[in-house]
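Subject: Structure for you to look over

Dear colleague,

Here is the structure I said I would pass on. My notes on it follow below.

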Amino acid sequence: MPIPHLAARLDTGPTVPSRQGAPAAVRVRPAVPADAAWLAEVSRASFAPRLRDYLTSAQPGIDRFWQVVITHPASFPGRCFLVAEAADGDRLGFAELTLTERDRAHLSYVCVVEAARGRGVARHLLRAYLDRSPDVRTVQLDVFADNAPARALYDRLGFAVEATSTWWVADLALDGIAPGDDVRLDGLHAARAWLDTYGFAEFTVAADAGRVRLGRPSARVLRCFDPATLRQPALLAAVRQEFPEVDRVLVMTPGDDAPPSAVGELRAVNRSLRMSTAEIRTRLEHA
Ligand SMILES: CC(C)(COP(=O)(O)OP(=O)(O)OC[C@H]1O[C@@H](n2cnc3c(N)ncnc32)[C@H](O)[C@@H]1OP(=O)(O)O)[C@@H](O)C(=O)NCCC(=O)NCCS
C-alpha cells in the first residue's frame with residue numbers, strides 16, 4: 001500500500017527555516033561518563049514525541065546505557081561519542097559514530113542544542129571525527145524523511161539515498177488467540193533486566209516453526225525484526241502473556257508496501273532513508 005503523504009514530502013525535498021548566526025568557536029572532545037545524562041536529555045528532546053516509543057535512544061534508561069559504553073570503550077570497539085563545546089565549556093552538541101569496516105563508519109546520531117544550531121557545530125563534530133579516523137572514506141546513516149534540517153546538512157555533505165524503509169505499527173489485536181504451547185522465550189531473565197535498567201531489550205523466541213528475533217524499543221512496543229512474525233498470532237499471544245504491558249507491534253520494511261498482518265491493522269508512522277557518501281572529506285574541506 002503506498003503512503004502518498006510521505007512520498008509527497010520526499011518528492012518536494014526538505015524545506016528549512018532561514019538560518020542566521022556567526023560561526024561558533026567550538027572545541028570537540030571525546031565524551032566522558034559525566035556527559036551521559038546530558039547526551040540523553042538533548043537527544044530525547046530532539047525526537048518528535050509521537051516517535052519516542054519506537055526509539056531505544058529516547059528511553060529513560062539510555063543515559064545508563066551510554067554511560068557503560070563511554071566508560072568501557074574497549075568493550076564497544078569502534079564506537080565513538082564526541083562532544084562539541086564552546087570556549088566557556090558549555091556543551092553545544094554531540095555525535096555518535098561507529099566504525100563498521102576499516103574505511104567505513106555509521107553515523108548513528110548528530111545533535112546540536114537548539115540555541116547553537118546554524119553555526120557550524122554539526123560540521124565541526126563530523127570534521128573532528130574524520131580527523132581522528134584517517135582511514136574512513138565513506139559514512140553511512142539513517143535519517144527520517146521529514147527531518148528537513150538534517151537532510152539539508154546531509155545533502156550539503158554529499159549524502160545520497162541508497163534505500164528507503166517504512167515503519168509500520170499495529171495495535172495488537174489478539175483477542176481469542178490462544179498462546180502457542182510450543183513457544184519458548186530465550187533469555188527472558190536478561191530481557192527483563194535490560195528493560196528494568198535501560199528501558200529496552202532484545203530476545204529470541206523458539207517455536208516449532210523456528211526461531212524469531214524480537215525487540216522491545218520501549219515498554220509498550222514489541223519490534224518484529226522479521227515481518228513474517230506478523231503472521232504468527234499464537235507466537236505473539238505467547239509473548240504478550242509474558243509481557244502484558246505490550247500493546248503495539250513495530251516492523252520496518254523496505255519501500256512503501258505494508259507487509260501482511262494477522263495481528264492488527266498496520267499504519268505507517270515513519271519513513272527512514274539509508275544514505276551514504278564517499279565525498280564527506282572533500283565537502284567538509286570546502287564548506
Ligand atoms: C541537523 C542538525 C544536527 C544540524 O546541526 P547544525 O549545527 O545546526 O548544522 P551546521 O550549522 O553545522 O550546518 C551545516 C550545513 O547543514 C545545512 N543545514 C543545517 N541545518 C540547516 C537548516 N536548519 N536549514 C538549512 N540548512 C541547514 C546547511 O547547508 C549548513 O551549511 P551552511 O550554514 O554553510 O549553509 C541540528 O539541526 C539538530 O541537532 N537537529 C536535531 C537532531 C537531529 O535531527 N539530528 C539528525 C538526526 S539524523
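Leu-222 has Val-249 in strand 11 as its bridge partner. Please keep in mind that the model is predicted. In the neighbouring position, Arg-223 is bridged to Leu-250, also a residue of strand 11. These belong to the pairing of strand 10 (residues 221-224) with strand 11 (residues 248-254), which is parallel and runs over three bridges.

Strand 9 (residues 210-216) pairs with strand 10 too, but in the antiparallel sense and over two bridges. Here Gly-215 has Arg-223 of strand 10 as its bridge partner. The link from strand 9 to strand 10 is a hairpin of four residues.

Is strand 10 covered on one face or on both? Both faces are covered: Val-221 and Arg-223 are buried on one side, and Leu-222 and Cys-224 are buried on the other. In a regular strand, side chains alternate between the two faces of the sheet.

**The sheet as a whole**

The protein has eight helices and 12 strands. The 12 strands form an open sheet with mixed pairing, in the order 1-2-3-4-5-12-6-11-10-9-8-7. Strand 1 (26-30) and strand 7 (184-186) are the edge strands; each has a single partner strand, so one side of each is left without a neighbour in the sheet. From one strand to the next, the twist averages 30 degrees.

Helix 2 (residues 36-46) packs on this sheet, where it touches strand 2 (79-86), strand 3 (91-101) and strand 4 (104-112). The direction of helix 2 makes about 80 degrees with that of strand 4.

**Helix 4**

Helix 4 (residues 121-132) has 12 residues. From its first C-alpha to its last it reaches 17 Å, close to the 16 Å expected at 1.5 Å a residue. Which residues of helix 4 are buried? They are Val-121, Ala-122, His-124, Leu-125, Leu-126, Ala-128 and Tyr-129. The cover over these buried residues includes strand 1, strand 2, strand 3 and strand 4, along with helix 5 (148-156) and helix 8 (280-286).

**Leu-273**

Leu-273 lies in strand 12 (residues 267-277). Why does Leu-273 count as buried? There are 21 C-beta neighbours inside 10 Å of Leu-273, and the cut-off for a buried residue is 20 or more. Leaving aside residues up to four places away in sequence, Leu-273 touches Asp-142, Val-143, Ala-145, Val-161 and Thr-164. Leu-97 is 176 residues away from Leu-273 along the chain, and their C-alpha atoms are separated by 17 Å.

**Overall dimensions**

The C-alpha atoms fill a box of roughly 60 × 45 × 35 Å along the principal axes. Of the 287 residues, 31% count as buried. Among contacts between residues at least 6 apart in sequence, 72% join residues at least 24 apart.

Regards

Terms used. Residues are numbered from 1 along each chain as its sequence is written. This is a predicted model: local features need pLDDT of at least 70, side-chain atom pairs count only at pLDDT 80 or more; totals for chains, interfaces and linings use all residues. Two strands pair if DSSP finds at least two bridges between them. Axes are lines fitted to C-alpha atoms, for helices over the stretch in contact, and angles run from 0 to 180 degrees between N-to-C directions. Two residues are in contact if their C-beta atoms, placed from the backbone, lie within 7 Å. A residue is buried if 20 or more other C-beta atoms lie within 10 Å of its own, exposed if 12 or fewer, and partly exposed in between; C-beta atoms are placed from the backbone. The expected span of a helix is 1.5 Å times one less than its number of residues.
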